[in-house]
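Work through the exercises below with the sequence and the 3D structure side by side. Try each task before reading its solution.

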Amino acid sequence: MLHLSVAVDQPSAYDAASYVALARLAERGGLDFVTLDDSFARPGPDALAVLSRVAPATTRIGLVPTVTTTHTEPFHVQAAVATLDWVSRGRAGWRLDVSTTEGEARLFGRRHAAVADALWQEAGEVADVAAKLWDSWEDDAEIRDVPTGRFIDRDKLHHVDFRGTSFSVKGPSIVPRPPQGHPVRVVDATDGQARRTAARYADVALVRAVSAGQAAAVREELRSQAAESGRDPDALRVLASLLVDLCAGEHAAEPGHGGGGPRPSPQGPLYRGGPVDLAELIATWHGQGIVDGFHLTPAEPLRDLERLVNGTVALLQHRGLFRTFYPGSTLREHLGLSRPANQYAVTKGTS
Amino acid sequence: MSRRQMHLAAHFPGVNNTTVWADPESKSQIEFSSFEHLARTAERGLFDFFFLAEGLRLREHKGRIHDLDVVGRPESITVLSALAAVTERLGLAATVNATFNEPFELARRFATLDHLSGGRAAWNVVTSSDAFTGENFRRGGYLDRADRYTRAAEFLDTARELWDSWTPDGIPRPFAHRGRHFDIAGEFTLPRPPQGHPVVIQAGDSDEGREFAASAADVVFSRRSSLEDGRAFYADVKRRLAKYGRAPGDLKIMPGVGVVLGDTAAEAQERAAEIRRQQTSPQTALLTLEQIWGVDLSSYDPDGPLPDIDPVVDPALTQGRTRRGDTVAIAEKWRALSREKGLSIRQTVIEAGGRQFFIGTPEAVATELEQFVRYEAADGFILVPHLTPGGLDEFVDRVVPLLQERGAFRTEYRGSTLRSHLGLPEPVRN
Ligand SMILES: Cc1cc2nc3c(=O)[nH]c(=O)nc-3n(C[C@@H](O)[C@H](O)[C@H](O)COP(=O)(O)O)c2cc1C
């Protein structure tokens, strides 16, 4: 199954309307999810709140905000992501990121900047404690048992008693287990320690690769690292991340570029060409098992997303390579990922 | 004569024993549809705002998670962001603790909510916290009670500096704050919010709390039950405003109230009694008593007499709930009440702990609400319904029209921001 997702980032957009418009467009194309990047160090609204505002204005598309794990409180972050899952009825994701600059550290004044490796290690701990907190309520903890006057069965609530290298959390969460069990965790796995964190904790790994060979190699490495940490590698989706500039009409207009792959650019691998060529690239990489899908960042948000949905996606659908409707309603279902078992629930046979 | 119109807001009935969760009409406390129904009803009633409480650690009693009331709720700012999509004018108020958050991040989240909702955000700044709650956070439980309001005040000042930091034409300006609690610098990530500053609510009762409200809040969420208490509280808080160069109208006092309606006064009283019984199950009655007596009372009969032993102080017995005052005095008072009226444990808890209710026919309730405002016991009310999600329906259908007929409540939203509903001035830029 081919998985497609897009970024709905826009410079200087602070109101809801433009984000809603882009997410609806992506939903019309049947894409798996939209992402909204975030950082404390550049202009822009809080991504999680924006996608929460988008949730009631859409019905199926997955919503994946970036939330940094560096200066934030793990307890608040997991509660907010779980709540996004509740308000979207099972469509929440969370793109984990770290804040490496001294500039970001100064906005909080609590600790100095640290090297990326250490911060990605911490991000792994945050991912771990978040999953524990999402599981800290068993699914059937709410009982409303009138004769005994109990709203919940407290034996189905669990302290997580987490001790990490830089924080600890007692638990349980204040938010009951979200509809997806665990909202979908997304990590950009291009670099060193981030890749190890992705292999261990992510449901979706993004890879910025300029060639098919490079993408395939990273995917293989992610899969084997996932297996080493005791996971089923088939429960990890690897998507190629590309910046796409579709200004060039139906086909590649750049001389010498025709049909070619992405090129390196300061912002990351850039694909420039027409929607039809892009469909060709997607079909080829996916068909050859190089990646499970793509995460595309339109260079010109509205224009390129329109071309992507009406051109590239329509063509892939026409060729039977991409869904024409959402068969499920949760982001996990779009991604073909099962709902995780609760790590605290005692297995009670088959019932 | 032009009448001062009252303000109305609604509370989502969450974690406490207000919600009668056993009622067949009571639906999910967590599904978005419940929040949506209540918020839409509040907006249909032209309410000023919709209010969410917060608790950052599940309460525990005798070392175990409290299981008798509603437990669990979503994270407020996220829910309110989603509610911004399904409402147009209603203010959206989140309770968020100033101890377990950082000014840059929280100022940004509230500024985002204000932008996304077109100027409808409000922040109820609370300071209630202890080491027990702190165990969920990086920061831990380090903050002394006395320091909480100084941190909250500096927190709010810092947030206001951040909200004001962009130029009027939308250019980020560098920002720096150095104080006792915060030493931070950089650039804020959003233009000034549509309201200038989101509306600030305060809900603490101590002297420090009142002072903080007078110096910095736009609304006080109070807990005054009788007209007399309400008047005293109102006068005290309003009197404090002058010190900060503020006028009485700059701060709205809105007690949290329960309302029970009936077609006759007797029917309303009967319904209210039944609701109180449902809110105070035999188990809840014993637990309430244990919180005061500080010991295990599980061998007592809730339908029997109160214990004749005196309370002991055991701070570890109940965690995550605001402490009661002098427990020996409370016990004495309750025993006297029980003796005088011949009440059992459960009956005493219901009688003494009964939440404030405006009880009666819609006409009578409307009149009482008006009186509270006329006699300066309140500028408005925060309704605390006992049912999710239908608990506001009856009030909006039956009482709001009466208030409107009498000129005591608005008949349309004039502006689109929460500040405009509350008649608050646009905050001056720093
Ligand atoms: C009506 C009312 C509602 C409150 N709601 C909350 C709440 O939702 N969350 C919370 O942490 N504290 C809540 N509090 C308590 C805090 O606002 C307050 O910080 C605490 O009582 C300590 O301050 P104080 O010593 O001034 O009372 C509430 C208080 C009142 C009076």
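A residue is called buried when its relative accessible area is under 20%, exposed when over 50%, and partly exposed in between, using a 1.4 Å probe and protein chains only. Helices (H or I, at least four residues) and strands (E, at least two) are DSSP runs, numbered from the N terminus. The model is predicted, so that local features need pLDDT of at least 70 and side-chain atom pairs count only at pLDDT 80 or more, whereas totals for chains, interfaces and linings use all residues. Residues are numbered from 1 along each chain as its sequence is written, chains are lettered from A and ligands numbered from 1 in the order in which they are written, and side-chain values use heavy atoms, with hydrogens and water left out.

**Exercise 1.** Determine how many residues of α2(B) are buried, and what covers them.

Solution. Begin with the count: 10 of the 11 residues of α2(B) are buried, so this helix is largely enclosed by the rest of the structure. Next, list the buried residues, among them B:Ser76, B:Ile77, B:Leu80, B:Ala84 and B:Val86. Finally, look at the cover, which includes α2 (47–54) and α3 (74–87) of chain A as well as α1, β2, β5 and α3 of chain B.

**Exercise 2.** Describe how α2(B) packs against α3(B), and which residues make the contact.

Solution. First take the geometry, in which axes are lines fitted to C-alpha atoms, for helices over the stretch in contact, and angles run from 0 to 180 degrees between N-to-C directions. Helix α2 (residues 76–86) and helix α3 (residues 103–116) of chain B pack at an angle of about 15 degrees, with their axes 9 Å apart. That makes α2(B) roughly parallel to α3(B), since angles under 35 degrees count as roughly parallel, over 145 as roughly antiparallel, 65 to 115 as roughly perpendicular and the rest as oblique. Then find the contact, meaning heavy atoms within 4.5 Å: B:Ile77, B:Thr78, B:Leu80, B:Ser81 and B:Ala84 of α2(B) meet B:Leu106, B:Arg109, B:Phe110, B:Leu113 and B:Leu116 of α3(B). Sorted by class, this contact has 7 nonpolar, 2 polar and 1 charged residues, where Ala, Val, Leu, Ile, Met, Phe, Trp, Tyr, Cys and Pro count as nonpolar, Asp, Glu, Lys and Arg as charged, and the others, Gly among them, as polar.

**Exercise 3.** Work out the angles at which α3(A) packs with α2(A) and with α5(A).

Solution. Start with α2(A) and α3(A), which pack at an angle of about 10 degrees with their axes 9 Å apart; that makes α2(A) roughly parallel to α3(A). Here A:Leu48, A:Leu51 and A:Ser52 in α2(A) meet A:Ala80, A:Val81, A:Leu84 and A:Val87 in α3(A), and by class the contact has 6 nonpolar, 1 polar and no charged residues. Now turn to α5 (residues 116–135) of chain A, which packs with α3(A) at an angle of about 55 degrees, the axes again being 9 Å apart. The helices α3(A) and α5(A) are therefore oblique to each other. Their contact is made by A:Pro74, A:Phe75, A:Gln78, A:Val81 and A:Ala82 of α3(A) and by A:Val126, A:Val129, A:Ala130, A:Leu133 and A:Trp134 of α5(A), a set that divides into 9 nonpolar, 1 polar and no charged residues.

**Exercise 4.** Place B:Ala94 in chain B and find what it touches.

Solution. B:Ala94 lies in strand β5 (residues 91–97) of chain B, and at 0% relative accessibility it counts as buried. Leaving aside residues up to four places away in sequence, B:Ala94 touches B:Leu52, B:Ser76, B:Ile77, B:Leu80, B:Phe110, B:Ala122, B:Trp123 and B:Asn124.

**Exercise 5.** Locate the loop residues B:Leu46 and B:Glu376, and state for each whether it is buried or partly exposed.

Solution. As background, most residues other than glycine have a negative phi, and most peptide bonds are trans. B:Leu46, in the loop between α1 (32–44) and β2 (49–52) of chain B, has a positive phi of about 60 degrees and, at 13% relative accessibility, counts as buried. B:Glu376, in the loop between α12 (362–374) and β14 of chain B, has a phi near 55 degrees and is partly exposed, with a relative accessible area of 43%.
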